[in-house]
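This report is meant for a reader who is new to the structure shown below.

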Amino acid sequence: MEVKKNLRYTKDHEWARPEGDRIFTGITDYAQHALGDIVFVELPEKGSALSKGDVLGTVESSKAASDIFSPLCGKVAEVNTELEDKPELVNEAPYDAWIAAMIPDDPAEAVTGLMDADEYEKYIKTLEHD
Amino acid sequence: MELIFEISKKGRRALEIPKPDVPGRSYRDNTEDATVNPLSGSIPSKYLRNTGLMLPEVSEPDLVRHYTALSDSNHGVDSGFYPLGSCTMKYNPKINEDMAALEGFTGVHPLQPEETVQGCLELMYKLEKSLSAITGMSRFTLQPAAGAHGEMTGLMIIKAYHDKTHPRRKIIVPDSAHGTNPASAAAAGFETVELKSSEDGGIDPDALRALMDENIAGLMLTNPNTLGLFEKNIREIADIVHDAGGLLYYDGANANAIMGISRPGDMGFDVLHLNLHKTFSTPHGGGGPGSGPVGVAARLEPFLPVPAVKYENGRYSFDYDLPDSIGKVRSFYGNYGVAVKAYTYIIRLGFEGLKQASVNAVLNARYLMQKLAGVYELPYKRSCMHEFVLSCTFMKKYGVSAMDVAKRLIDFGFHPPTVYFPLIVKEALMIEPTETESKETLDRFINAMLTIAEEAEKDPELLKNAPHTTPVTRPDDVAAARKPVLRYI
């Protein structure tokens, strides 16, 4: 299971990547692996204001539909419409297949409280033992 | 296999449609006129079709062979064991069909005067009374067309109840619930709050207490739950919800475990639905339609859909006098034929028979669980009710998944169990044998499951490519979902 060094992570298996004034978000390799083949991604609406933990979108696999939660407080600046026609990109390259680019309400504190790669790696190890 | 449109040849017929015996009438003076289409008298010509219907044209033998071949390719409760968890695919006694086909039921019109359909109303009334007795509820509506429709109806009643005093907009749903629960709550205009299951697979009263506030309209619960486990704390759970002003909704999907043994009304539930097509032996799935009657406690009776059926002075009639009714939820009186079949089942078995059905359903499930738990993983080590959930995570090291096990079971002549549900169990197989299966059938299923567990280690490819014996082997469900083709032409 790949965990990228430069990203931040949530317990619900979303990743966050700051880039300029935006923070790109998506779901992790662990998440796509657990979900199986993803057949549909429901994207958020551009401009919607979300709190940390709000539902950002939905990923549907052949097993189940799962909510994606916003890793931060902010506004959705852009959504990755490519996923509408190619949901399989989330399986193929989960860290490139961003779902939303968000403008954080508080840029300085945007990723505070999220795990770094080492912490996330330890976290998913504890889940494996379940 | 060819579609019936592909075997069609122009001019072939399986039956002759008689010529219309109603003559057309002249537009000018309304006298008979053979040159006028008889329908054109009542339908304006711009709405009349000028071209033929695109119907297949086949001979009677071709027609019979086509549908026989289709039914041969199918698997139903009449062809074999069908342990699809939470679906209660029990045998449908054929006498049910005989009763539903009686002319007194099939030959009536839903708008006939009440005095000409007293027998039909009597059956509705008595079915309602029977369901009330079985569940401990006060009154039922037979309108909802299936389980999820029943859930939505029940939630609309809960909403209307709270709206009379203080509107509440949140419903608590456990993480082990059927997916229809949060969906129905959303459809009825509620926000759902997820309640995490405790270590032993049940509801943790303290976790529930922490979620309760003045915006919680109610809790939806399946008991036994989707793990096949009975909520031991149900009375405490009911008190917690009631003390905070909420209502309890009982999802009757698993009612086959408790008939004649315990009653949701006695547990403290305020609203419930039953699936006649599960618990009460009417056809389920493609053989439906379903029926999802909703029962309520006395204080919720005024909110039921209209019309209800009442009995006064020796006569049955429709009762529209429910002042707070949520209105109609379906045309006429629900799927009536299904009600006839379910009532047939209930009076044939009687109270003792229904109780025995539940006892046997639980016994069959426990037998399977005991025999399989040593080889497959049992995530919650408690005695099950009418169904249980196994996990296939130990097969991951061979690259084999729960889906592969399910597909391989088809080669042994069994319908697969429910897979990947409930969501809180990884690689889940959810098995519900029902009461109508013999020990011999259960033993054959056990042997197949044990053989498959061995194959997973020795020949994983055999499982990954299964089934091998069916006309269609493994459809690409991922491609079908990603790039659906929704029409034939």
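Two strands count as paired if DSSP finds at least two bridges between them, and strands themselves are DSSP runs of at least two residues, numbered from the N terminus. The model described here is a predicted one.

With that definition in hand, the hairpin of β8(B) and β9(B) can be described: two residues lie between the strands, and in the turn B:Asn313 has a positive phi of about 50°. Strand β8 of chain B covers residues 308-312 and strand β9 of chain B covers residues 315-319, and the two pair in the antiparallel sense over five bridges. Within this pairing, B:Tyr311 has B:Tyr316 in β9(B) as its bridge partner.

Chain A has a hairpin as well, in which three residues join β6(A) to β7(A). Its strands, β6 with residues 55-61 and β7 with residues 65-69, are antiparallel and share five bridges, and A:Val59 is the bridge partner of A:Ser66 in β7(A).

| Strand pair | Sense | Bridges |
|---|---|---|
| β8(B) and β9(B) | antiparallel | five |
| β6(A) and β7(A) | antiparallel | five |
| β3(A) and β9(A) | antiparallel | three |
| β10(B) and β12(B) | antiparallel | four |

In chain A, six strands form an open sheet with antiparallel pairing, in the order β1-β2-β3-β9-β8-β5. At the edges of this sheet stand β1 (8-9) and β5 (49-50) of chain A, each of which has a single partner strand, so one side of each is left without a neighbour in the sheet. Further in, strand β3 of chain A, residues 22-27, is joined by three bridges to strand β9 of chain A, residues 100-104, and across this pair A:Ile23 stands opposite A:Met102.

Chain A also touches chain B, with eight residues of chain A in contact with six residues of chain B. On the side of chain A that takes part, four residues are nonpolar, one is polar and three are charged.

Chain B is divided into domain 1 (1-73), domain 2 (96-349) and domain 3 (358-481), and the centres of domain 1 and domain 2 of chain B, taken over C-alpha atoms, are separated by 43 Å.

An open sheet of three strands is found in chain B, with the order β10-β12-β11 and antiparallel pairing. Here β10 (388-391) and β11 (418-419) of chain B are at the edges, and each has a single partner strand, so one side of each is without a neighbour in the sheet. Four bridges join β10(B) to strand β12 of chain B, residues 428-431, and B:Phe388 stands opposite B:Ile431 in that strand. Across β11 and β12 of chain B lies helix α11 of chain B, residues 402-411, which runs at about 40° to β12(B).

Which helices of chain B pack with their axes 10 Å apart? These are α10, residues 336-372, and α12, residues 439-458, at an angle of about 30°, which makes α10(B) roughly parallel to α12(B). The crossing of the two is right-handed. In their contact, B:Asn364, B:Tyr367, B:Leu368, B:Lys371 and B:Leu372 of α10(B) meet B:Leu442, B:Phe445, B:Ile446 and B:Met449 of α12(B); by class there are seven nonpolar, one polar and one charged residues.

For helix α5 of chain B, residues 147-163, and helix α6 of chain B, residues 180-187, the axes come within 9 Å and cross at roughly 45°, which makes α5(B) oblique to α6(B). This crossing, too, is right-handed. The residues that α5(B) brings to the contact include B:Gly147 and B:Leu155, while those of α6(B) include B:Thr180 and B:Ala187, and by class the contact has five nonpolar, four polar and one charged residues.

Finally, some points of the backbone deserve a look, since most residues other than glycine have a negative phi, and most peptide bonds are trans. B:Phe421 and B:Pro422 are joined by a cis peptide bond with omega of about -5°, and B:Pro422 is placed in the loop between β11 and β12 of chain B. A cis peptide bond also leads from B:Ala466 to B:Pro467, with omega near 0°, and B:Pro467 lies in the loop between α13 (460-464) and α14 (477-482) of chain B. B:Thr88 has a positive phi, near 45°, and lies in the loop between α1 (60-72) and α2 (94-100) of chain B.

Note on methods: Residues are numbered from 1 along each chain as its sequence is written. Chains are lettered from A and ligands numbered from 1 in the order in which they are written. This is a predicted model: local features need pLDDT of at least 70, side-chain atom pairs count only at pLDDT 80 or more; totals for chains, interfaces and linings use all residues. Two residues are in contact if their C-beta atoms, placed from the backbone, lie within 7 Å. Ala, Val, Leu, Ile, Met, Phe, Trp, Tyr, Cys and Pro count as nonpolar, Asp, Glu, Lys and Arg as charged, and the others, Gly among them, as polar. Axes are lines fitted to C-alpha atoms, for helices over the stretch in contact, and angles run from 0 to 180 degrees between N-to-C directions. Angles under 35 degrees count as roughly parallel, over 145 as roughly antiparallel, 65 to 115 as roughly perpendicular and the rest as oblique. A crossing is left-handed if the near helix is turned anticlockwise from the far one by less than a right angle, and right-handed if clockwise. Domain bounds come from an automatic or database domain assignment.
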